[in-house]
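Hi,

Here is the structure I said I'd pass on.

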Amino acid sequence: MKKSIYLIIMLFAGLFQSCKKEKELTVLKAISFTSSLTANKSAVVLSPATDTSAVVTFSWPGVSFPIKASVTYTLEVDVPADTVGAAAWGNATSVAIGNDVLSKSYKGKDLNDLALSMGIGSGTSGNLVFRVKAYQDRAAYSKAVSVKVTTYLAQAVYPLLYIPGDYQGWSPATAPTAAALQSKIYEGYIYIPAGVTNYFKMTTARDWNHINYGDAGAGKISVDGNAGGLLSPEAGYVQVSVNLNTNTWSAVKTTWSILGDASPGGWNTDTQLTYNPATQVWTVTADMLSTGSFKFRANNAWNIDFGVDANGKLTYADSPVYGYNAAVNNITVPSSGNYTITLDLHDPSNYNYKLKKN
(Lines give C-alpha, C1' and ligand atoms only; values in the text may rest on other atoms or scores of the structure.)
Protein backbone atom coordinates (compact mmCIF):
# COMPACT_ATOMS: atom_id res chain seq x y z
CA MET A 1 0.00 0.00 0.00
CA LYS A 2 2.80 2.41 0.92
CA LYS A 3 4.50 1.55 -2.35
CA SER A 4 1.34 2.41 -4.30
CA ILE A 5 0.98 5.76 -2.52
CA TYR A 6 4.63 6.51 -3.27
CA LEU A 7 4.16 5.76 -6.95
CA ILE A 8 1.09 8.02 -7.12
CA ILE A 9 3.01 10.88 -5.47
CA MET A 10 5.87 10.46 -7.93
CA LEU A 11 3.45 10.47 -10.85
CA PHE A 12 1.86 13.76 -9.79
CA ALA A 13 5.27 15.27 -9.16
CA GLY A 14 6.33 14.33 -12.67
CA LEU A 15 3.18 15.84 -14.13
CA PHE A 16 3.78 19.03 -12.13
CA GLN A 17 7.35 19.29 -13.38
CA SER A 18 6.18 18.63 -16.94
CA CYS A 19 3.60 21.40 -16.74
CA LYS A 20 6.13 23.76 -15.22
CA LYS A 21 8.60 23.07 -18.02
CA GLU A 22 5.86 23.53 -20.62
CA LYS A 23 4.94 26.88 -19.09
CA GLU A 24 8.56 27.98 -19.20
CA LEU A 25 8.80 27.10 -22.90
CA THR A 26 5.84 29.31 -23.84
CA VAL A 27 7.18 32.47 -22.18
CA LEU A 28 8.18 34.88 -25.04
CA LYS A 29 11.63 36.32 -24.82
CA ALA A 30 11.68 40.12 -24.84
CA ILE A 31 12.89 41.68 -28.08
CA SER A 32 13.72 45.29 -28.89
CA PHE A 33 15.88 47.57 -30.99
CA THR A 34 19.32 47.85 -29.42
CA SER A 35 19.67 51.51 -30.48
CA SER A 36 17.61 54.23 -32.12
CA LEU A 37 16.46 54.83 -35.65
CA THR A 38 18.57 57.65 -37.12
CA ALA A 39 18.13 60.10 -40.01
CA ASN A 40 21.15 61.72 -41.60
CA LYS A 41 19.23 65.02 -41.84
CA SER A 42 16.76 66.68 -39.49
CA ALA A 43 15.44 69.06 -42.17
CA VAL A 44 15.12 68.73 -45.95
CA VAL A 45 14.31 71.49 -48.45
CA LEU A 46 13.01 69.99 -51.68
CA SER A 47 12.92 71.34 -55.23
CA PRO A 48 12.58 69.87 -58.73
CA ALA A 49 16.41 69.86 -58.83
CA THR A 50 16.45 67.27 -56.00
CA ASP A 51 13.92 64.93 -57.64
CA THR A 52 16.46 62.23 -58.56
CA SER A 53 18.91 62.74 -55.68
CA ALA A 54 18.90 61.00 -52.28
CA VAL A 55 17.84 63.72 -49.83
CA VAL A 56 17.57 61.78 -46.55
CA THR A 57 18.63 58.31 -45.38
CA PHE A 58 17.21 56.39 -42.41
CA SER A 59 19.25 53.67 -40.67
CA TRP A 60 18.50 51.29 -37.81
CA PRO A 61 20.06 48.30 -36.02
CA GLY A 62 18.95 44.74 -36.66
CA VAL A 63 16.57 43.15 -34.16
CA SER A 64 17.41 39.67 -32.82
CA PHE A 65 14.52 37.25 -32.48
CA PRO A 66 14.81 33.86 -30.69
CA ILE A 67 14.33 32.06 -33.97
CA LYS A 68 17.19 32.51 -36.42
CA ALA A 69 15.26 33.57 -39.49
CA SER A 70 14.73 36.65 -41.63
CA VAL A 71 13.26 39.75 -40.02
CA THR A 72 10.88 41.91 -42.03
CA TYR A 73 11.25 45.68 -41.63
CA THR A 74 8.65 48.34 -42.37
CA LEU A 75 9.07 52.12 -42.16
CA GLU A 76 6.04 53.87 -40.72
CA VAL A 77 5.39 57.57 -41.41
CA ASP A 78 2.90 59.86 -39.71
CA VAL A 79 2.32 63.48 -38.72
CA PRO A 80 3.17 64.44 -35.12
CA ALA A 81 -0.44 64.90 -33.99
CA ASP A 82 -1.26 61.29 -34.92
CA THR A 83 1.61 59.71 -32.97
CA VAL A 84 0.15 60.30 -29.49
CA GLY A 85 -2.97 59.15 -27.68
CA ALA A 86 -5.02 55.97 -27.79
CA ALA A 87 -5.03 55.88 -31.61
CA ALA A 88 -1.32 56.68 -31.98
CA TRP A 89 0.10 55.74 -35.38
CA GLY A 90 -3.34 54.57 -36.49
CA ASN A 91 -3.17 56.70 -39.64
CA ALA A 92 0.47 55.97 -40.44
CA THR A 93 1.63 55.26 -43.97
CA SER A 94 3.58 52.00 -44.10
CA VAL A 95 6.51 51.66 -46.47
CA ALA A 96 7.69 48.08 -47.00
CA ILE A 97 11.48 47.85 -46.68
CA GLY A 98 12.13 44.11 -46.97
CA ASN A 99 13.81 41.26 -45.15
CA ASP A 100 16.95 42.08 -43.17
CA VAL A 101 17.28 45.52 -44.81
CA LEU A 102 18.53 48.14 -42.34
CA SER A 103 18.28 51.44 -44.21
CA LYS A 104 16.00 53.46 -46.47
CA SER A 105 16.92 56.45 -48.65
CA TYR A 106 14.39 58.84 -50.15
CA LYS A 107 14.84 60.63 -53.45
CA GLY A 108 13.53 64.16 -53.57
CA LYS A 109 10.46 63.47 -55.71
CA ASP A 110 9.44 60.48 -53.60
CA LEU A 111 9.75 62.45 -50.36
CA ASN A 112 7.89 65.39 -51.89
CA ASP A 113 5.06 63.09 -52.99
CA LEU A 114 4.99 61.46 -49.55
CA ALA A 115 4.87 64.81 -47.75
CA LEU A 116 2.05 66.05 -49.99
CA SER A 117 0.08 62.85 -49.37
CA MET A 118 0.53 63.35 -45.62
CA GLY A 119 -1.05 66.79 -45.76
CA ILE A 120 1.95 69.12 -46.03
CA GLY A 121 0.92 71.71 -48.61
CA SER A 122 2.83 72.55 -51.77
CA GLY A 123 5.58 75.06 -51.08
CA THR A 124 5.21 74.82 -47.28
CA SER A 125 7.04 73.15 -44.40
CA GLY A 126 5.90 70.51 -41.93
CA ASN A 127 7.22 67.69 -39.77
CA LEU A 128 6.96 64.00 -40.56
CA VAL A 129 7.60 61.38 -37.89
CA PHE A 130 9.24 58.06 -38.80
CA ARG A 131 9.63 54.77 -36.94
CA VAL A 132 10.60 51.22 -37.94
CA LYS A 133 8.65 48.05 -37.26
CA ALA A 134 10.61 44.79 -37.08
CA TYR A 135 8.48 41.65 -37.46
CA GLN A 136 9.02 37.92 -37.29
CA ASP A 137 6.51 36.15 -35.04
CA ARG A 138 5.67 39.48 -33.36
CA ALA A 139 6.46 43.17 -33.78
CA ALA A 140 9.03 45.45 -32.22
CA TYR A 141 9.13 49.20 -32.81
CA SER A 142 12.02 51.65 -32.86
CA LYS A 143 11.93 55.04 -31.25
CA ALA A 144 10.63 57.69 -33.63
CA VAL A 145 12.55 60.50 -35.31
CA SER A 146 11.13 63.70 -36.78
CA VAL A 147 12.23 65.32 -40.05
CA LYS A 148 11.12 68.79 -41.18
CA VAL A 149 10.23 68.67 -44.87
CA THR A 150 9.80 71.73 -47.10
CA THR A 151 7.92 70.75 -50.22
CA TYR A 152 7.96 72.52 -53.56
CA LEU A 153 5.06 73.74 -55.62
CA ALA A 154 3.91 70.90 -57.79
CA GLN A 155 4.14 72.00 -61.39
CA ALA A 156 1.07 71.29 -63.45
CA VAL A 157 1.53 69.44 -66.73
CA TYR A 158 -0.07 71.23 -69.67
CA PRO A 159 -0.38 70.33 -73.36
CA LEU A 160 2.36 71.99 -75.41
CA LEU A 161 2.99 73.31 -78.88
CA TYR A 162 6.49 74.00 -80.19
CA ILE A 163 7.44 77.30 -81.86
CA PRO A 164 10.21 76.86 -84.45
CA GLY A 165 11.10 79.86 -86.58
CA ASP A 166 13.72 81.73 -88.50
CA TYR A 167 14.93 83.20 -85.19
CA GLN A 168 16.26 79.77 -84.09
CA GLY A 169 16.94 77.94 -87.35
CA TRP A 170 13.49 76.41 -87.90
CA SER A 171 14.30 73.57 -85.50
CA PRO A 172 11.27 72.05 -83.67
CA ALA A 173 13.65 69.88 -81.62
CA THR A 174 15.10 72.94 -79.87
CA ALA A 175 12.15 75.31 -80.10
CA PRO A 176 10.51 77.19 -77.21
CA THR A 177 7.01 76.11 -76.22
CA ALA A 178 3.50 77.46 -75.79
CA ALA A 179 1.33 75.82 -73.12
CA ALA A 180 -2.46 75.39 -72.95
CA LEU A 181 -3.36 76.70 -69.50
CA GLN A 182 -6.95 76.66 -70.75
CA SER A 183 -8.42 74.08 -73.08
CA LYS A 184 -6.90 74.37 -76.56
CA ILE A 185 -5.62 77.91 -75.90
CA TYR A 186 -1.82 77.96 -76.12
CA GLU A 187 0.43 80.83 -75.08
CA GLY A 188 4.14 81.43 -74.58
CA TYR A 189 7.05 83.80 -75.23
CA ILE A 190 9.82 83.74 -77.83
CA TYR A 191 12.81 86.04 -78.30
CA ILE A 192 13.38 87.15 -81.89
CA PRO A 193 16.70 88.97 -82.36
CA ALA A 194 17.04 91.76 -84.89
CA GLY A 195 18.11 90.77 -88.38
CA VAL A 196 15.89 87.75 -89.05
CA THR A 197 12.59 87.50 -90.92
CA ASN A 198 10.32 87.26 -87.82
CA TYR A 199 8.51 84.22 -89.27
CA PHE A 200 7.61 81.19 -87.15
CA LYS A 201 5.21 78.24 -87.05
CA MET A 202 3.77 75.99 -84.35
CA THR A 203 4.10 72.21 -84.31
CA THR A 204 2.41 69.53 -82.20
CA ALA A 205 5.67 67.58 -81.79
CA ARG A 206 9.39 68.31 -81.86
CA ASP A 207 9.54 67.52 -85.57
CA TRP A 208 7.87 68.38 -88.88
CA ASN A 209 6.19 64.96 -89.21
CA HIS A 210 3.05 65.87 -87.27
CA ILE A 211 0.56 68.73 -87.45
CA ASN A 212 2.09 72.17 -87.91
CA TYR A 213 0.21 75.46 -87.94
CA GLY A 214 0.89 78.19 -90.49
CA ASP A 215 -0.87 81.32 -91.73
CA ALA A 216 -4.34 81.09 -93.32
CA GLY A 217 -4.73 84.87 -93.49
CA ALA A 218 -7.03 87.24 -91.60
CA GLY A 219 -5.62 86.14 -88.22
CA LYS A 220 -6.49 82.49 -88.83
CA ILE A 221 -4.24 79.41 -88.73
CA SER A 222 -3.85 76.67 -91.31
CA VAL A 223 -2.90 73.01 -90.82
CA ASP A 224 -1.63 72.84 -94.41
CA GLY A 225 2.05 71.97 -94.09
CA ASN A 226 2.75 74.16 -97.14
CA ALA A 227 1.12 77.25 -95.63
CA GLY A 228 3.30 80.27 -95.01
CA GLY A 229 4.76 81.09 -91.63
CA LEU A 230 3.14 83.25 -88.98
CA LEU A 231 4.73 86.71 -88.87
CA SER A 232 5.55 88.64 -85.72
CA PRO A 233 4.96 92.38 -86.18
CA GLU A 234 8.34 93.14 -84.61
CA ALA A 235 11.50 91.50 -83.36
CA GLY A 236 12.09 91.36 -79.62
CA TYR A 237 10.40 89.52 -76.77
CA VAL A 238 7.12 88.34 -78.29
CA GLN A 239 4.04 86.84 -76.67
CA VAL A 240 2.69 84.19 -79.05
CA SER A 241 -0.71 82.51 -78.79
CA VAL A 242 -2.97 80.21 -80.78
CA ASN A 243 -6.59 79.37 -79.98
CA LEU A 244 -7.55 76.02 -81.48
CA ASN A 245 -11.19 76.58 -80.49
CA THR A 246 -11.42 79.51 -82.92
CA ASN A 247 -8.34 78.73 -85.06
CA THR A 248 -6.92 82.20 -84.43
CA TRP A 249 -3.45 83.35 -83.43
CA SER A 250 -1.64 86.45 -82.17
CA ALA A 251 1.86 87.82 -81.68
CA VAL A 252 2.58 90.86 -79.49
CA LYS A 253 6.00 92.36 -78.74
CA THR A 254 6.45 93.02 -75.01
CA THR A 255 8.75 94.89 -72.69
CA TRP A 256 8.36 94.42 -68.94
CA SER A 257 8.32 96.64 -65.86
CA ILE A 258 7.15 96.74 -62.26
CA LEU A 259 4.58 99.20 -60.98
CA GLY A 260 3.17 99.74 -57.50
CA ASP A 261 3.66 101.57 -54.21
CA ALA A 262 6.35 99.06 -53.23
CA SER A 263 8.45 100.16 -56.24
CA PRO A 264 10.50 103.32 -56.85
CA GLY A 265 7.93 104.90 -59.19
CA GLY A 266 4.85 104.14 -57.11
CA TRP A 267 1.65 103.59 -59.04
CA ASN A 268 2.49 106.35 -61.53
CA THR A 269 5.87 105.50 -63.09
CA ASP A 270 6.99 102.07 -64.35
CA THR A 271 10.39 100.76 -63.29
CA GLN A 272 11.73 99.01 -66.39
CA LEU A 273 13.27 95.51 -66.45
CA THR A 274 16.07 94.49 -68.84
CA TYR A 275 16.02 91.25 -70.82
CA ASN A 276 19.08 88.98 -71.00
CA PRO A 277 18.88 86.57 -73.98
CA ALA A 278 21.59 84.33 -72.47
CA THR A 279 19.72 83.68 -69.21
CA GLN A 280 16.23 84.17 -70.73
CA VAL A 281 15.07 86.33 -67.83
CA TRP A 282 14.11 89.96 -67.16
CA THR A 283 15.82 91.72 -64.23
CA VAL A 284 16.01 95.02 -62.38
CA THR A 285 17.73 96.16 -59.18
CA ALA A 286 15.65 98.60 -57.16
CA ASP A 287 14.87 99.87 -53.68
CA MET A 288 11.58 98.28 -52.59
CA LEU A 289 9.19 98.93 -49.69
CA SER A 290 7.49 96.28 -47.57
CA THR A 291 4.63 98.70 -46.86
CA GLY A 292 3.39 98.50 -50.45
CA SER A 293 2.87 96.02 -53.26
CA PHE A 294 3.46 95.78 -57.02
CA LYS A 295 2.74 93.89 -60.21
CA PHE A 296 4.70 92.99 -63.33
CA ARG A 297 3.18 94.48 -66.48
CA ALA A 298 3.93 94.56 -70.18
CA ASN A 299 4.27 97.63 -72.36
CA ASN A 300 3.51 100.07 -69.50
CA ALA A 301 -0.18 99.17 -69.66
CA TRP A 302 -2.78 97.09 -67.84
CA ASN A 303 -3.40 94.76 -70.76
CA ILE A 304 -0.86 92.01 -69.93
CA ASP A 305 0.16 91.87 -66.27
CA PHE A 306 1.03 89.42 -63.50
CA GLY A 307 0.23 89.14 -59.81
CA VAL A 308 0.20 86.05 -57.58
CA ASP A 309 -2.47 83.50 -56.74
CA ALA A 310 -3.41 82.29 -53.24
CA ASN A 311 -0.35 79.98 -53.23
CA GLY A 312 2.05 82.77 -54.19
CA LYS A 313 2.47 81.52 -57.77
CA LEU A 314 2.93 84.07 -60.55
CA THR A 315 -0.36 84.28 -62.45
CA TYR A 316 -1.89 86.51 -65.09
CA ALA A 317 -4.19 89.19 -63.67
CA ASP A 318 -4.92 90.58 -67.16
CA SER A 319 -4.31 88.73 -70.40
CA PRO A 320 -5.81 89.17 -73.89
CA VAL A 321 -5.33 85.42 -74.29
CA TYR A 322 -6.84 84.16 -71.01
CA GLY A 323 -8.90 87.12 -69.85
CA TYR A 324 -9.13 88.90 -66.48
CA ASN A 325 -8.63 87.04 -63.18
CA ALA A 326 -10.09 88.94 -60.21
CA ALA A 327 -8.64 86.46 -57.71
CA VAL A 328 -5.03 87.45 -58.44
CA ASN A 329 -3.29 89.49 -55.72
CA ASN A 330 -0.54 92.09 -55.83
CA ILE A 331 3.01 90.99 -54.97
CA THR A 332 4.46 92.06 -51.61
CA VAL A 333 8.06 92.51 -50.40
CA PRO A 334 9.25 90.67 -47.23
CA SER A 335 11.20 93.67 -45.86
CA SER A 336 12.22 97.05 -47.19
CA GLY A 337 15.57 97.23 -48.94
CA ASN A 338 17.45 96.93 -52.19
CA TYR A 339 16.43 93.92 -54.29
CA THR A 340 17.36 92.22 -57.53
CA ILE A 341 14.04 91.26 -59.08
CA THR A 342 13.84 88.53 -61.73
CA LEU A 343 10.93 87.71 -64.04
CA ASP A 344 11.22 84.34 -65.82
CA LEU A 345 8.73 83.64 -68.63
CA HIS A 346 10.75 81.17 -70.68
CA ASP A 347 8.70 78.14 -69.51
CA PRO A 348 4.95 78.73 -70.09
CA SER A 349 4.10 75.88 -67.72
CA ASN A 350 5.95 77.60 -64.88
CA TYR A 351 6.10 81.39 -65.07
CA ASN A 352 7.91 82.59 -61.96
CA TYR A 353 9.72 85.49 -60.29
CA LYS A 354 12.37 85.99 -57.59
CA LEU A 355 13.10 88.73 -55.07
CA LYS A 356 16.72 88.63 -53.89
CA LYS A 357 17.67 91.14 -51.22
CA ASN A 358 21.11 92.65 -51.78
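Starting with the fold as a whole: of the contacts in the protein with a separation of 6 or more, 60% are between residues 24 or more positions apart. Contact here means heavy atoms within 4.5 Å.

Before going further, some housekeeping. This is a predicted model, so local features need pLDDT of at least 70 and side-chain atom pairs count only at pLDDT 80 or more, while totals for chains, interfaces and linings use all residues. Residues are numbered from 1 along each chain as its sequence is written, and side-chain values use heavy atoms, with hydrogens and water left out.

**Overall picture**

The protein has 29 strands and 2 helices; these are DSSP runs numbered from the N terminus, with helices being H or I of at least four residues and strands being E of at least two. The C-alpha trace spans about 125 × 55 × 35 Å along its principal axes.

Of the 358 residues, 41% are buried. I use buried for under 20% relative accessible area, exposed for over 50% and partly exposed for in between (1.4 Å probe, protein chains only). The accessible surface comes to about 18700 Å², and carbon and sulfur atoms own 54% of it. The areas come from the Shrake-Rupley method with a 1.4 Å probe, and for residues only the protein chains shown count as cover.

As for charge, there are 27 positive and 24 negative ones, and their mean positions are 18 Å apart. Lys and Arg count as positive, Asp and Glu as negative, and His and the chain ends are not counted. Each charge is placed at NZ of Lys, CZ of Arg, CG of Asp or CD of Glu.

**Aromatics**

A search of the whole structure turns up 21 aromatic pairs. Rings of Phe, Tyr and Trp (its six-membered ring) pair if their centres lie within 6.5 Å; planes under 30 degrees apart count as stacked, over 60 as edge-to-face and the rest as tilted. One of the pairs is W60 with Y73, which is tilted, at 6.2 Å centre to centre and 45° between the planes. W60 sits in the loop between β3 (54-59) and β4 (72-78), and Y73 is in strand β4, 13 residues apart. Both W60 and Y73 are buried.

There is also one aromatic cluster made up of Y189, Y191, Y237, W256, Y275, W282, F306, Y316, Y322 and Y351.

A178 is in strand β11 (residues 177-182) and counts as buried because its relative accessible area is 0%. Beyond four places in sequence, A178 touches P159, L160, L161, I163, Y186, E187, G188 and P348.

A175 belongs to the loop between β10 and β11, and its 5% relative accessibility makes it buried. With neighbours within four places set aside, A175 contacts Y162, I163, P164, Q168 and R206. Its C-alpha is 9.4 Å from that of M202, 27 residues apart along the chain.

W170 is in the loop between β10 (160-162) and β11 too. Its phi is near 55°, positive in a residue other than glycine, and it counts as partly exposed at 32% relative accessibility.

- N198, not a glycine either, has a positive phi of about 70°. N198 lies in the loop between β12 (185-192) and β13 (199-200) and is buried at 13% relative accessibility.
- T150 is part of strand β9 (residues 145-150) and is buried at 18%. Apart from neighbours within four places in sequence, T150 is in contact with V44, V45, L46, T124 and S125.
- R138 is in the loop between β7 (125-135) and β8 (139-141). With a relative accessible area of 17%, R138 is buried. The C-alpha atoms of R138 and F65 are separated by 9.2 Å, and the two are 73 residues apart along the chain.

Cheers
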